[in-house]
Amino acid sequence: MKYVGFALLAIVGVLVALLLIALIRTLFTKPKTSTYAPDPDPEKAQKYAEKLSAMVQVNTVASNEDRRTEAFLDFHKVLANLFPLVHTHLEKTEIDGTLLYRWKGASAEKPIVLMAHQDVVPAEGEWVHEPFSGDIADGFVWGRGTADTKCSLMAIFQSIEELLAEGAAPPQDVYIASSCTEEFGGDGAPKIVAELKRRGVRPYAVFDEGGGIIDEPVGGVKGCYAMVGTFEKGQGNVRFTARSAGGHSSAPPRKTPLTSLAAFVDEVHRHDPFRREMLPAVKGMFQKLTPYSPFAYRLLFGNLWLFGGLLKAVMPMVSSQAAAMMRTSIAFTMASGSEARNVIPQEASVVANLRFIPHQGKEESFAILEKLAKKHDLEMTIMDGHDSSPTLDLNGSVWALTEQAIGEAFPALPVVPYVVTGGTDARFYHEICDNCVRFSPVIYGKAQLAGMHGLNENIAVDCLVGAVEFYKKLILLND
């Protein structure tokens, strides 16, 4: 017993020593505050807002069933009117509504591709401002596509328009790529990639949506931060089907297709089947946010060597977004059963959407779910799927270029690596490009994040000038 007591004392002593080390490290971490706030020239801001408004007024909702080619051709006419120098001096290629422009630089050695899509999701429900009004009110531009991503598209075109007006020439070739199929994962971006391959172009870097300038990215971490996406998760869709002889609902058996599905869904939700890992991008995010965080967060984020396991366990309870950056996620999105209220279905099914993490990709995630499905006597059908994208090197030259451009366009704005849990057109470019950066240079507060794909989408007028400056810096710094 005496030796057990000594062992316990030794363990307690080690734990206390580790906690003291973490505490001292935290106390010596100098607290910082993100002080960035846009302070644009009001005339410029208004001009940019009016251009974005004109772009939003063209309804470019599209789906795989309705490509709306004529609507996109109308949109192209608006672009030509708004940005005449771009359309005079750049080589334009149109592929089934998708656009590709080339601005010839002094060199073609390190070409960059600037991306933002034209298409938008449907605008349903009742809006404060009509979804395709492009109203400028209360300091915001309102309408579908303002935040996702016509704001970036406007800033890209405007940056080149101004550089042309100034007589500037890019040190490297610059391409503008804008698909009209991004929102439904269509063939617009693949067609651009095919065209670039045909021309023998291998981009040095691709810049697309994904991250952004996020206001309070983690609860309690105040201020704005440039959250730069270093990779995006893969995704797939799976159907789970249960079958029975059916029957009348007046004499239900203990087990029906719907009870089997319910038990399966409940188990997946109660007992997460996927493994959590602290990826380099996630570690980098916590480390960058450490000095800007409250003391308790500084203690945790700044000492991942000690608290990494605790964060993996706790963060998913605090934030679904944080959970999604650490593991493969699953969301049940569709269900079907009997078409009559008094009939037990012979067949019922649910569909799940998965987002794959690099450490537990498509094949392993599907295998885990198939094992669980068999346990509940369900048939699993894989509908589609692809793995996560390669990760941007945080020590590489493209990350350094991105940091420099952000630093010059947005003084005092901290730059933080970020995991993109949604999907973007950039994933198609990894075939020809090793460095895909996912970052929209506009401010997304809670209202803007809620409005994307939701009601009352909008973007602040005063953040548009910084977005234009970012692309100008990016183009000129890439030498």
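In these legends, a contact means heavy atoms within 4.5 Å. You're looking at a predicted model, where local features need pLDDT of at least 70 and side-chain atom pairs count only at pLDDT 80 or more, while totals for chains, interfaces and linings use all residues. Residues are numbered from 1 along each chain as its sequence is written, and side-chain values use heavy atoms, with hydrogens and water left out.

**View 1. Arg102 and the residues it touches.** Start at Arg102, which sits in strand S2, residues 98-103. (Helices, H or I with at least four residues, and strands, E with at least two, are DSSP runs numbered from the N terminus.) Leaving out residues up to four places away in sequence, Arg102 touches Leu90, Glu91, Asp173, Val174, Tyr175 and Arg199. With Asp173, Arg102 makes a side-chain polar contact of 2.9 Å. (A polar contact is a pair of N or O atoms within 3.5 Å; within protein, one must be able to donate a hydrogen and the other to accept it, and residues adjacent in sequence count only if both atoms are side-chain atoms.) Arg102 counts as buried because its relative accessibility is 18%. (Buried means under 20% relative accessible area, exposed over 50%, and partly exposed in between, using a 1.4 Å probe and protein chains only.)

**View 2. The largest nonpolar core.** This core has 93 residues, and among those with the most contacts inside it are Leu114, Ile160, Phe207 and Ile406. (A nonpolar core is a set of buried Ala, Val, Leu, Ile, Met, Phe, Trp, Tyr and Cys residues joined through side-chain atoms within 4.5 Å.) Helix H5, residues 146-165, supplies the largest share of the core, with 10 residues. Zoom in on Ile406 and, setting aside residues up to four places away in sequence, you'll find it touching Ala226, Val228, Leu413, Val415, Phe439 and Phe470. There's also a second, separate core of 19 residues, including Ala242 and Leu261.

View 3. H5 is largely enclosed by the rest of the structure, because 19 of its 20 residues are buried. Look for Thr149 in this helix: a cis peptide bond joins Asp148 to Thr149, with omega about -15°. Most peptide bonds are trans, and most residues other than glycine have a negative phi. After H5 comes Gly167, with a positive phi near 80°.

View 4. Asp96 counts as exposed because its relative accessibility is 53%.

**View 5. Thr69 and Asn458.** Thr69 belongs to helix H3, residues 69-82, and counts as partly exposed at 39% relative accessibility. Along the chain, Thr69 and Asn458 are 389 residues apart, and their C-alpha atoms are separated by 25 Å.
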